[in-house]
Amino acid sequence: MLKQVIKREQKEQKVEETVLFDGICETKEYYLWMEEDEPTIWMMQVYAMVQRLGRSVDKFDTILSEDEYLFAWRRELIWQKIRQGEME
């Protein structure tokens with residue numbers, strides 16, 4: 001679903017690949033994920049691209065792999081500890 005959103009918005013807005021991928025992923029990784037469905041980029045990177053194109057990711061349902069879910073969950077726990085002053 002998000003692949004279609006990214007493809008459509010990039011084409012409609014005429015956003016160059018260098019701008020879309022800057023700091024998020026490499027072009028090769030993107031095309032492996034987009035065209036060959038290889039798990040080369042994380043959902044967080046996909047969300048970043050969608051947001052860079054001006055779309056809100058909370059409008060889409062996404063199924064994460066267990067690894068992606070655990071990564072996001074651990075990251076949230078770290079941010080909670082930082083906010084509570086338990087970690088720098």
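Is E9 buried or exposed? With a relative accessible area of 8%, E9 is buried, where buried means under 20% relative accessible area, exposed means over 50%, and partly exposed lies in between (1.4 Å probe, protein chains only).

## Basis of the report

The model is predicted, and local features need pLDDT of at least 70, side-chain atom pairs count only at pLDDT 80 or more, and totals for chains, interfaces and linings use all residues. Residues are numbered from 1 along each chain as its sequence is written, and side-chain values use heavy atoms, with hydrogens and water left out.

## Overall architecture

The protein chain contains five helices and zero strands. Here helices (H or I, at least four residues) and strands (E, at least two) are DSSP runs, numbered from the N terminus. Read from the N terminus, the order of elements is α-α-α-α-α. The C-alpha trace of the protein chain spans about 45 × 25 × 25 Å along its principal axes.

Of the 88 residues in the protein chain, 25% count as buried. The chain exposes about 6800 Å², and carbon and sulfur atoms supply 50% of that area; accessible areas come from the Shrake-Rupley method with a 1.4 Å probe, and for residues only the protein chains shown count as cover. Among contacts with a separation of 6 or more, 59% join residues 24 or more positions apart, a contact being heavy atoms within 4.5 Å.

Q10 belongs to helix 1 and is buried, its relative accessible area being 13%. When its neighbours within four places in sequence are set aside, Q10 is in contact with V15, E16, E17, L20, Y30 and L53.

Between helix 1 (2-13) and helix 2 (17-21) there is a loop that holds K14. Although K14 is not a glycine, its phi is positive, at about 55°. Most residues other than glycine have a negative phi. K14 counts as exposed because its relative accessibility is 72%.

## Helix 4 and its buried side

In helix 4 (residues 43-52), the buried residues are M43, Q45, V46, M49 and V50. They cover an arc of only 160° around the axis, so they lie on the same side of helix 4; the arc is that of the directions from the helix axis to the C-beta atoms.

The cover over these buried residues includes helix 1, helix 2, helix 3 (27-36) and helix 5. Just after helix 4 comes G54, with a positive phi of about 85°.

Helix 5 has 18 residues, which at 1.5 Å a residue should span 26 Å; its end C-alpha atoms are 26 Å apart, so the two values agree. The expected span is 1.5 Å times one less than the number of residues. G85 follows helix 5 and has a positive phi, near 80°.

I82 lies in helix 5 (residues 66-83) and counts as partly exposed because its relative accessibility is 30%. Together with I78, W79 and M87, I82 forms a nonpolar surface patch with about 340 Å² of accessible area in total. Patches are made of residues with over 30% relative accessible area and no salt bridge, with like charges joined within 9 Å and nonpolar side chains (Val, Leu, Ile, Met, Phe, Trp, Tyr) within 5 Å.

## Salt bridges

Side chains of opposite charge can pair when their charged atoms come close. A search of the whole structure finds five salt bridges, each defined as a side-chain nitrogen of Lys or Arg within 4 Å of a carboxyl oxygen of Asp or Glu. R8 is partly exposed, with a relative accessible area of 37%. R8 forms a salt bridge with E9, in which the closest N and O atoms are 3.6 Å apart. A salt bridge also joins the side chains of R8 and E12, at 4.0 Å from N to O. R8 and E12 are separated by about one helical turn, because they are four residues apart in helix 1. E12 is exposed, with a relative accessible area of 55%.

Another salt bridge links E86 with K81, the closest N and O atoms being 3.6 Å apart. E86 is exposed at 53% relative accessible area, whereas K81 is partly exposed at 36%. Through shared partners, salt bridges join R8, E9, E12 and R55 into one network.
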